[in-house]
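Subject: Structure handover

Hello,

Please find below the structure that I am passing on to you. My notes on it follow.

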Amino acid sequence: MKISGEVLTGEGDYGIDPEVIRQIAQEIKEMKNLGVEVAIVIGGGNIFRGIAASAKGMDRASADYMGMLATVMNGLALQDALEKINVYTRVQTAIEMREIAEPYIRRRAIRHLEKGRVVIFVGGTGNPYFTTDTTASLRAMEIGAEVILKGTKVDGIYDADPILNKQAKKYNELTYIEVLKKQLKVMDATAISLCMDYRIPIIVFNLKKRGNIKRVILGERVGTKVRG
Ligand code: UDP
């Protein structure tokens, strides 16, 4: 599951809302209780976005490293919330910081999943110029995930921004190529094309609606499905 940083902000548009993160943790627990192995890639846009800082004159690579560090903070907040409700977790980071989290080791991540732990991947891919959406596609392939669930603030993929445009139309299903051709702003092109090449379906849904994660797992038609 990919959780965008912006989902963690609650009513404000910056930082982490403890109530929101508690709710998300609760839903992850319910999903796990259905017998699903869960790995999470968390974004950092609620704290720092490399591209925004570079637009204001900062070196892009340095700004992106700061963005990657922001994802570590979010990951630790989610770990804390999950462990408070007795969900065992491991945080694995793409940038080594041994005192805080395990380094990313693919086989180890898979072992954690087998043991029923929720694995939280932080630090993005570890490379500047990438996004955490691309990280989600990459990690999904590496661990052999069946699906990527992308939790956002809106109900799915629309033909225009539904927050700015009330006439925007929601898609129930799309192919990868349609997403790329229509330049829909759901995941960046690198993330989508990775999923396309390896046929990993993506379900985009509103993470803020209570019970939605469970509905998605149980196969209900929620949000928008992107597939081959
Ligand atoms: N980032 C990066 N490489 C990665 C993943 C993330 O450089 O592999 C940086 C980038 O600056 C990005 C920031 O981390 O703006 C936060 O990630 P992202 O914008 O993907 O978070 P989200 O939009 O999901 O909150």
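Is T71 buried or exposed? T71 is buried, with a relative accessible area of 3% (buried means under 20% relative accessible area, exposed over 50%, and partly exposed in between, with a 1.4 Å probe and protein chains only).

Before the rest, some notes on the source. This is a predicted model, in which local features need pLDDT of at least 70 and side-chain atom pairs count only at pLDDT 80 or more, while totals for chains, interfaces and linings use all residues. Residues are numbered from 1 along each chain as its sequence is written, and side-chain values use heavy atoms, with hydrogens and water left out.

T71 and its surroundings

T71 is found in helix α3 (helices, H or I of at least four residues, and strands, E of at least two, are DSSP runs numbered from the N terminus). Its side chain has a polar atom 2.6 Å from the backbone oxygen of M68, and the side chain of T71 also reaches the backbone nitrogen of G123 at 2.7 Å. A polar contact here is a pair of N or O atoms within 3.5 Å; within protein, one must be able to donate a hydrogen and the other to accept it, and residues adjacent in sequence count only if both atoms are side-chain atoms. Leaving aside neighbours within four places in sequence, T71 is in contact (heavy atoms within 4.5 Å) with I42, G43, G44, V122, G123, G124 and T132.

The ligand

In total, 21 residues surround the ligand, and the closest are G5, D64, T125, N127 and T132 (a residue is near a molecule or strand if one of its heavy atoms lies within 4 Å of it). For G5, a polar backbone atom is 2.7 Å from an oxygen atom of the ligand. For R49, a polar side-chain atom lies 2.8 Å from a ligand oxygen atom.

The pockets

Rolling a probe the size of a water molecule over the atoms shows where empty space is left. A pocket is, on a 1 Å grid over the protein atoms alone, an open set of points where a 1.4 Å probe fits, with protein on both sides within 12 Å along at least five of seven lines; lining residues have an atom within 4 Å of a point. Grid points are joined across faces, edges and corners, and a volume is the space filled by probe spheres set on the points.

The largest pocket holds about 1100 Å³ of space. Its lining has 47 residues, of which S4, R49, D133, K150 and V186 lie nearest the centre. Two or more lining residues come from each of α2 (50-55), α3 (60-84), α5 (132-143), β6 (148-152) and β7 (157-158). The largest share, five residues, comes from α3. By type, the lining of the largest pocket divides into 17 nonpolar, 17 polar and 13 charged residues (Ala, Val, Leu, Ile, Met, Phe, Trp, Tyr, Cys and Pro count as nonpolar, Asp, Glu, Lys and Arg as charged, and the others, Gly among them, as polar).

The second largest pocket holds about 540 Å³. It is lined by 25 residues, with V36, E37, A145, E146 and V147 nearest its centre. The elements that give two or more residues to this lining are β2 (39-42), α4 (106-114), α5, β6 and α8 (212-217). Of these, α5 gives the most, with four residues. The lining of the second largest pocket divides into 20 nonpolar, one polar and four charged residues.

Other residues

E27 is found in helix α1 (residues 18-33). At 4% relative accessibility, E27 counts as buried. Not counting residues up to four places away in sequence, E27 touches K209, R210, G211, N212 and I213.

Most residues other than glycine have a negative phi. N86 has a positive phi, near 65°; N86 lies in the loop between α3 and β3 (89-93) and is exposed, with a relative accessible area of 60%. Q183 also has a positive phi, near 50°. Q183 sits in the loop between α6 (176-181) and α7 (189-198), and is exposed at 59% relative accessible area.

Regards
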